[in-house]
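Please open the structure in your viewer and keep the selection tool at hand. The stops below are meant to be followed in order.

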Amino acid sequence: MNEPERAMLLSVHPRFATAILAGDKTVEVRRQRVAAPPGTAVLLYATAPTKAIVGMARIASVHVATPTEVWSASRNRAGISRREYDTYMDGAVQASGLTLEAPITFGTPVPLTALRAAGAFHPPQSYRYLRPEDLRRMTAAATSTDAPLRTALESMAL
């Protein structure tokens, strides 16, 4: 039996989720080291006011370095201004730039209320890795017949 695919749940502001899913934002920056191999599935949780899993993408690569180096490598693809970036990174000594590819928008997002009804669910402050049981609960919460959503969740929850 094959090992289930590792997946990550990434919390992002709704405007960033929209930009990632449109392919306009291809690098998501984080204040800490992210150790995820290429190919890792990333479920995008859009924070308030959306409060739902709205789509997914895959990690193409992760660049871990100083905040200045990550900005230099990703400024044209990060979807934020230098001022926003500097404010976000203030005080950080390390940063990660997650290059995302193959975005998929779920036709029917999975709302926080449904996720919580299916079991204990707490959106992460930044990100967290998902266990197979987390993915099974998310699949149960996704009552929609949205094909990309069901296929993605079911394949990750094997």
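**First stop: Thr40**

Select Pro37 and Thr40 together, and you will find the backbone oxygen of Pro37 2.7 Å from a polar atom of the side chain of Thr40. This is a predicted model, in which local features need pLDDT of at least 70 and side-chain atom pairs count only at pLDDT 80 or more, while totals for chains, interfaces and linings use all residues. Residues are numbered from 1 along each chain as its sequence is written, and side-chain values use heavy atoms, with hydrogens and water left out.

Thr40 sits in the loop between β2 (27-30) and β3 (41-46), strands being DSSP runs of E with at least two residues, numbered from the N terminus. Thr40 has a relative accessible area of 4% and is therefore buried (under 20%; exposed is over 50% and partly exposed in between, with a 1.4 Å probe and protein chains only). Leaving aside residues up to four places away in sequence, Thr40 touches Arg6, Ala7, Met8, Ala57, Arg58 and Ile59, where contact means heavy atoms within 4.5 Å.

**Second stop: Glu28**

Now select Glu28, which forms a salt bridge with Lys25, their closest N and O atoms being 3.3 Å apart (a side-chain nitrogen of Lys or Arg within 4 Å of a carboxyl oxygen of Asp or Glu). The side chain of Glu28 also meets that of Arg30 in a salt bridge, at 2.7 Å from N to O. Glu28 and Arg30 are both buried, and Lys25 is buried too, at 3%.

**Last stop: a network**

Finally, select Arg128, Arg131, Glu133, Asp134 and Arg137, which are linked in a network of salt bridges.

Methods. Helix = DSSP H or I, 4+ residues; strand = E, 2+ residues; numbered from the N terminus. Polar contact = N/O pair within 3.5 Å; in protein donor to acceptor, adjacent residues only side chain to side chain.
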